[in-house]
Amino acid sequence: MAKTTQWLDEYWLPLLQVYLKKPVGKKATYSRDMVELSMELHIAPHLLAQRMEQLARFDTPRLERIRQTYVNKPQRLSRAVRLWREMRGFGAADDFYEGVEVNETFEQDFRPLEGEPKLTPAALILILNLYYQLVPQTMVTETPEVAEMARLLKVQPALVVEVLTLFQLCDPYLQRSDVSLSELLAPCSKVWQRFENQSPEQLHAFAEELKEYYR
């Protein structure tokens, strides 16, 4: 069963710190700073983005006090966030996981794969989106879209091609019966099954959001 969490007032402080990073303002849901804070708080990025929408308005007495106390005092905010993290380190963090259930899938998406630590499930999702834009004959290192994906993920094009090839084994329409011993086959199959009932448009929209993490 997934752990559960509830929003605590002190969470506004690290979220404000992300908000105030240049360029100041609301950050993309899957920007690296948002994802890293999401994993620290165990709150899914889209839920954290909703809280940032609230924060940007400063339209409650609590948020107005936070604005007055910290927005123009970055050193004070840094000290407060540092103290908050130190207090979380005393072993009480698990007490915060109660209340509203949160799906932990997003955390797994950003953890390195055991078989290939250069990749994560999030990276596989991006490559799966690319898979639907190509035909098997173009799933080669020389294809510009493959090279562009490799640059985004900071991996070699050959690794992107390997994943594309494994997705071909997952694709029932190709009816390939090849045997692969790659350690990436299992995570590729898992990602394929996760999105096989979604439309390519839904996958594409999610992939476009995920790209923010790698930019």
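Predicted model: local features only at pLDDT ≥ 70, side-chain atom pairs only at ≥ 80, totals over all residues.
Beyond its neighbours within four places in sequence, valine 140 is in contact with Val146 and Val161. Valine 161 sits 21 residues away along the chain, yet the two C-alpha atoms are separated by 5.8 Å.

Is valine 140 buried, exposed or partly exposed? Its relative accessible area is 31%. Buried means under 20% and exposed means over 50%, so valine 140 counts as partly exposed.

Now step back to the whole chain. There are 11 helices and 2 strands. Read from the N terminus, the order is β-α-α-α-α-α-β-α-α-α-α-α-α.

Next, look at helix α1, residues 12-20. This helix is mostly covered, with 7 of its 9 residues buried. Which residues of α1 are buried? They are Trp12, Leu13, Pro14, Leu15, Leu16, Val18 and Tyr19. What do they pack against? Their partners are four helices: α2 (32-41), α3 (45-57), α4 (61-70) and α5 (74-88).

Finally, take the totals. The chain has 215 residues, and 44% of them are buried. Consider the contacts with a separation of 6 or more: 64% of these link residues 24 or more positions apart. The chain exposes about 12400 Å². Carbon and sulfur atoms supply 51% of that area.

Note on methods
Residues numbered from 1 in each chain as written. Heavy atoms only, no water. Buried < 20%, exposed > 50% of the residue type's maximum accessible area, 1.4 Å probe, protein only. Contact = heavy atoms within 4.5 Å. Areas by Shrake-Rupley, 256 points an atom, 1.4 Å probe, with all protein chains shown as cover.
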